[in-house]
Amino acid sequence: MATVTVELRNVGETQATMGWAGGHTIVVDRPEGKAGGMGLGFNGAQLLALSLGGCFCNDLRYAAEEMGVIIDTIAVSVALELDGKPLLARAAKLEVRCHMLDGSDPQPVVERAKAICMVANSLRSGVPVSIGMAG
């Protein structure tokens with residue numbers, strides 16, 4: 001079993017958080033005026049939607065390579081429906097535009113990406129989450 005670990009720490013003189021994995025960073029914050037947020041980065045819902053869409057974009061490329069075809073362009077829009085207290089993601093809808101370099105039908109590549117998309121498959125299966133104090 002593989003494990004991916006990311007780290008997050010508060011950003012001095014703000015209430016935002018910086019997250020990183022390897023040499024890549026991202027800023028996490030609330031909208032300006034919400035619980036001390038300054039709008040400096042993405043909120044949790046945006047990160048979830050980006051994670052889903054980003055994973056699917058990567059899996060389109062993996063699928064195309066596996067199938068021996070080349071994608072020319074990709075555009076993915078993710079709509080994440082939120083509801084309740086506490087706020088929960090209730091549904092996600094991805095709209096995919098994908099054009100193949102040779103003009104062929106992209107549907108087989110999209111179907112393969114749907115089958116292997118780690119984030120989408122994990123959300124569908126309901127990932128167990130535990131939260132505890134360090135140390």
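**Exercise 1.** Find which residues touch the most other members of the largest nonpolar core.

*Solution.* Start with the term: a nonpolar core is a set of buried Ala, Val, Leu, Ile, Met, Phe, Trp, Tyr and Cys residues joined through side-chain atoms within 4.5 Å. Buried means under 20% relative accessible area, exposed over 50%, partly exposed in between (1.4 Å probe, protein chains only). The largest such core has 15 residues, and Phe56, Leu60, Ile71 and Val109 touch the most other members. Next, see who supplies it: helix H1 (44-67), strand E5 (88-100), helix H2 (107-116) and helix H3 (118-125) each give at least two residues. H1 gives the most, six residues. Helices (H or I, at least four residues) and strands (E, at least two) are DSSP runs, numbered from the N terminus.

A word on the model: it's predicted, so local features need pLDDT of at least 70 and side-chain atom pairs pLDDT 80 or more, while totals for chains, interfaces and linings use all residues. Residues are numbered from 1 along each chain as its sequence is written, and side-chain values use heavy atoms, leaving out hydrogens and water.

**Exercise 2.** Decide whether aspartate 29 is buried or exposed, then find what its side chain reaches.

*Solution.* First, locate aspartate 29 in the loop between strand E3 (24-28) and H1. Its relative accessibility is 3%, so aspartate 29 counts as buried. Now follow the side chain of aspartate 29: it reaches the backbone nitrogen of methionine 38 at 2.9 Å and that of glycine 39 at 3.1 Å.

Note on methods
Polar contact = N/O pair within 3.5 Å; in protein donor to acceptor, adjacent residues only side chain to side chain.
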